[in-house]
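This report covers salt bridges, nonpolar cores and helix packing. The sequence and structure come first.

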Amino acid sequence: MNKKYPYSLLKKSILNKFEIKGGWVTDSKDINVVDKYKYGTLKYTSNDINLTLFQGFPSKDEKKMCFNEEPQRYPDIYGRIADMTSYYIHAVNNSELSIPVFADLLPVHTQKINVSYFTVSNYFPVKSVRMKTLIIGSTFLNEWLKPLQKMRPFDEDDSFGIRIYKSESQLLGNFNYNNQKFEMFFTGNVNQDAIARGRQINIINDSFLRIASKEEITAEKALEIDSKLNRLFTIICSSPVSSSLISLRGEKSYISDVYCPSNYPINENNTNAIFEGKDFELGRLFSNWFSMSDELKLLTDNYAITVSYSETIENKLINLIEGIESFYRKNNITLFQAMKRLIHSLPSEILYKITEYVGSIDEWLKKLRNTRVFLTHGTERKVRFTDINELIVQVNIFQILIQCFIMKELGYDFKKNHCRKIVHKIDMIFNTSFL
């Protein structure tokens, strides 16, 4: 969100460091049940968000926590802010960072949870807050989707300059979600930082998506749409993305009812976004995303885990292959056949680049499968990846190929768009050297 816009609710900038104390639950139905609260503090910095709880959430068996218990993930955590009981927090994509510590065999411990992003609202989403228009903005959109910029020359005091004018809203397409039809517009909100002179023009891009429906949109559904769009953008750029602005009051008001710390790395040389917005037929992309099959959703969910959470390279491989198994669960084929079918459906230009480094793609896939079998079941296989540095490179390449497959399933036209950036990233990863 641009610094010129007022920050809503918390009155904080995304560059501030701050803490939020409150009561926390994992079920939205318990948000007003004080007896079920776990109390703790959400700590925010521009590059890290952690939630520390005193006597954390129960383990999977809801009876006790053990030292050998696997760290848990919490897709959603809901909070109510202390001393501001009308303000609520929704934390998304949360993963446990540490195992609880016991003292004298009593369950007195703290639990530390990594939070991907969160929103703060002055109502709870289940309440009947309704609107006709939803505004969503993010730093990712500003980097990924550039509006058409109108520039006009002008003469002033016998000097020549150029002014930037806002572009009109562009209809991206329609999509259906939960039996309701929506239209999505892209509003190019590009402004000059100052009157430009000579050859240099400084502009500010704070463009946003406007989602409209003839029917009323509940606040709960609005935040679900925002969450789903963030998941799509996370997959496109292979990095966690969250909104920096969600406005429930209409296009003319930049004071939103929801505060969202931005969660997208701004880097002019960002090599993650190998799929650029200009290369998509956006109406088709959004329509396919909101109407995807259950199998594709399982594949995208598993892929999103690998870019949304900090996890070991072994767990990344397990999650990626689990997604492939889920995608082909109705095809009655082996895991190796599923992996072959998915990878060999990609453009020949990408596959040719892979063979330059690994030789036979089928043998490479067998080695990945064998490694996953060993990691999951402990079954020894002679041909597998044993060197951790080599495994990191191979799994990261495998991750890119699955990302390409997901983009293909969502309508990305590889025949129309060249694969130069994809091939370049494959070269970069394979040429990475480890000390």
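Which residues are linked with Glu276 in a network of salt bridges? The network joins Glu276, Lys278, Asp279 and Lys421.

## Basis of the values

This is a predicted model, in which local features need pLDDT of at least 70 and side-chain atom pairs count only at pLDDT 80 or more, while totals for chains, interfaces and linings use all residues. Residues are numbered from 1 along each chain as its sequence is written, and side-chain values use heavy atoms, with hydrogens and water left out.

## Salt bridges

The structure holds 15 salt bridges (a side-chain nitrogen of Lys or Arg within 4 Å of a carboxyl oxygen of Asp or Glu). One of them pairs Arg231 with Asp301, at 3.0 Å from N to O. Arg231 belongs to helix H2 (residues 219-237) and Asp301 to helix H4 (residues 294-308), so this pair ties together parts that are 70 residues apart in sequence. Helices here are DSSP runs of H or I with at least four residues, numbered from the N terminus. Arg231 has a relative accessible area of 23% and is partly exposed; Asp301, at 21%, is partly exposed too. The classes are buried for under 20% relative accessible area, exposed for over 50%, and partly exposed in between, with a 1.4 Å probe and protein chains only.

Glu276 is partly exposed at 26% relative accessibility, whereas Lys278 is exposed at 64%. Another salt bridge joins the side chains of Lys366 and Glu363 at 3.6 Å, N to O. Both residues lie in helix H8 (residues 361-377), three residues apart, which separates them by about one helical turn. Lys366 is partly exposed with 29% relative accessibility, and Glu363 is partly exposed with 46%.

## Nonpolar cores

A nonpolar core is a set of buried Ala, Val, Leu, Ile, Met, Phe, Trp, Tyr and Cys residues joined through side-chain atoms within 4.5 Å. The largest one has 85 residues, and those with the most contacts inside it are Trp144, Leu229, Phe233, Phe275, Trp364, Phe398 and Ile422. Helix H9 (residues 388-409) supplies the largest share of this core, twelve residues. Apart from this core lies another of 19 residues, among them Phe18, Ile20, Tyr87 and Ile89.

Leu229 touches Ile136, Met184, Leu209, Ile211, Phe286, Trp289 and Phe290, leaving aside residues up to four places away in sequence. Contact means heavy atoms within 4.5 Å.

## Helix packing

Two packed helices are described by the angle between their axes and the distance between the axes. The axes are lines fitted to C-alpha atoms over the stretch in contact, and angles run from 0 to 180 degrees between N-to-C directions. Helix H7 (residues 348-358) packs with H9 at about 170°, their axes being 12 Å apart. H7 is therefore roughly antiparallel to H9 (an angle over 145 degrees). Ile350, Ile354 and Val358 of H7 meet Gln394, Ile397, Leu401 and Cys404 of H9.

Helix H5 (residues 313-327) and helix H6 (residues 335-343) pack at about 90°, with an axis distance of 9 Å. This makes H5 and H6 roughly perpendicular to each other (65 to 115 degrees). Their contact is made by Ile321, Ile324 and Glu325 of H5 and Leu335, Ala338, Met339 and Leu342 of H6.

How values were computed: Helix = DSSP H or I, 4+ residues; strand = E, 2+ residues; numbered from the N terminus. Parallel < 35°, antiparallel > 145°, perpendicular 65-115°, else oblique.
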